[in-house]
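Please look over the sequence and the structure shown here before reading the briefing. It takes up the contact between the chains, then each chain in turn.

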Amino acid sequence: MTNPKDSTGAQVPNPAEEASGSSRRNFLSEITAMALGVAGIGSIVVTTRYLSPNVLFEPPTSFRIGPPDDYPVNSVTYLPDQQVYIVRTPEGFYAESAICTHLGCITQWKPELNMIACPCHGSKFKREGSVEAGPAPRPLTHFAVRLTPDGDLLVDTLEIVQQTQVLKV
Amino acid sequence: MIMNSAQRALDQLRSTRVWKSIFRRGPARTNRTRSLAVFGNLFLHVLPVKVRDKSLRVRATYYLGSFSFFLFLLLSVTGILLMLYYHPAVPQAYRDMKDLRFVVSNGVFLRNLHRFGAEAMVIAVFWHMFHVFYRGGYKPPHQFNWVVGVGLLLITLFLSYTGYLLPWDQLAFWAITVGTNIISYVPLLGQPMRFLLLGGHQIGENALLRFYVLHVVILPLAAVMLIAIHLWRVQKDGGLTVKEDHEREK
């Protein structure tokens with residue numbers, strides 16, 4: 001709305017508008033801009049949340065691997081479904097991830113070399129997971145191993161443990 | 001004789017009501033009507049009405065931009081045809097890819113056209129970029145179009161990368177494993193970004209579907225938008241960067 005003009009053609013200032021420093025039009029535009037802004041941010045938040053799935057059909061993070069007697073002393077057993085090595089030393093058991101810490105390829109236990117090797121970019125690890133050579137930035141991850149009440153070993157890949165930690169059986 | 005009758009037939013066609021309702025003008029015989037033909041066409045209006053004949057010489061551009069655009073069209077057409085036989089699901093995707101190679105009539109031809117076309121497009125886009133760079137095409141007034149071009153280069157690479165997973169073979173699986181693990185090295189946002197891209201912690205059905213949607217909908221749409229802006233800006237920025245004759249002699 002334009003203000004009425006006086007006889008010289010200049011606009012007569014609206015006293016109410018001058019006092020508050022804004023007009024009805026400004027007020028409505030600001031309210032609309034704010035409402036659109038809130039709706040915009042809201043839809044981004046809702047969409048981002050939507051993109052992240054709540055149910056995943058992935059292998060379980062903890063699994064039974066049978067009784068300790070299945071694993072001879074001084075052996076490295078690769079479990080292909082879970083992509084972990086079960087290592088039994090005279091001290092006890094530990095489970096370590098077979099996924100290379102460089103870029104996620106599956107490593108392979110080489111008994112003749114007594115090391116774990118990655119085919120993708122040539123990283124080499126000692127049996128207990130320390131990096132021997134290649135681009136891998138970290139040693140292989142060790143997972144917690146427990147004994148269930150009925151005598152099975154249980155690996156929990158969500159619980160990452162120190163390299164020195166072994167399960168004595 | 002044949003030319004004359006063809007010309008007569010064309011003139012007759014141009015005088016029909018249907019033709020006139022679509023094109024709204026007669027034959028483009030004068031500069032004015034030629035300009036109007038470009039202005040008044042949705043597809044042509046992004047192109048300049050006039051170009052310097054220097055910029056049409058092969059050595060001015062080697063038609064690298066046009067070649068990239070042609071490959072984009074080729075990949076769109078072959079890609080749509082491949083979609084008719086491809087299911088983005090595990091393990092059907094791998095079987096569909098094998099079917100396309102060994103069972104579907106001319107499937108191997110279309111698949112190879114798509115695949116090698118994609119590799120050619122990456123090469124063409126890079127070559128185009130180097131050529132524009134050495135011609136100084138990134139300098140004012142072309143600086144914004146250079147940025148659009150960098151966006152198109154990235155989209156080309158993302159298209160190439162997302163398409164790489166779709167055959168769902170060992171090569172695809174491990175390439176995407178390595179690639180998405182590179183993403184997880186981004187500070188703070190790396191892991192969430194990888195999770196959103198894969199739709200999980202591992203490369204599985206969700207990841208295949210997400211890469212498929214990116215590859216066939218989101219990235220091509222973004223590419224079409226940026227290509228339109230890219231071509232239109234060539235005209236708005238005053239034509240291609242061409243070497244003047246006196247520069248050529250140096």
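The contact between the two chains takes 13 residues from chain B and nine residues from chain A, where two residues are in contact if their C-beta atoms, placed from the backbone, lie within 7 Å. This is a predicted model, in which local features need pLDDT of at least 70 and side-chain atom pairs count only at pLDDT 80 or more, whereas totals for chains, interfaces and linings use all residues. Residues are numbered from 1 along each chain as its sequence is written, while chains are lettered from A and ligands numbered from 1 in the order in which they are written.

**The side of chain B that touches chain A**

- Helices α9 (170-183) and α10 (190-198) of chain B each supply at least two residues of this side; helices (H or I, at least four residues) and strands (E, at least two) are DSSP runs, numbered from the N terminus.
- With five residues, α9(B) gives the most to the side of chain B that touches chain A.
- This side of chain B divides into five nonpolar, eight polar and no charged residues, where Ala, Val, Leu, Ile, Met, Phe, Trp, Tyr, Cys and Pro count as nonpolar, Asp, Glu, Lys and Arg as charged, and the others, Gly among them, as polar.

**Overall form of chain B**

- Chain B has 12 helices and zero strands.
- The radius of gyration of chain B, taken over C-alpha atoms, is 23 Å, well over the 18 Å that the globule rule gives for 250 residues, so chain B is more spread out than a compact globule; the rule is 2.2 Å times the number of residues to the power 0.38.
- Along its principal axes, the C-alpha trace of chain B spans about 65 × 50 × 30 Å.
- Of the 250 residues in chain B, 24% are buried, a residue being buried if 20 or more other C-beta atoms lie within 10 Å of its own, exposed if 12 or fewer, and partly exposed in between, with C-beta atoms placed from the backbone.
- Among contacts in chain B between residues at least 6 apart in sequence, 65% join residues at least 24 apart.

- Leaving aside its neighbours within four places in sequence, B:L165 is in contact with B:A172, B:I176, B:L208 and B:F211.

**A helix and a sheet in chain A**

- Of the 28 residues of α2(A), the number buried is zero, so this helix lies largely in the open.
- An open sheet of four strands in chain A has the order β5-β6-β7-β8, with antiparallel pairing; two strands pair if DSSP finds at least two bridges between them.
- The edge strands, β5 (108-110) and β8 (131-133) of chain A, each pair on one side only.
- Three bridges join β5(A) to the antiparallel strand β6 (residues 115-117) of chain A, and A:W109 stands opposite A:I116 in β6(A).
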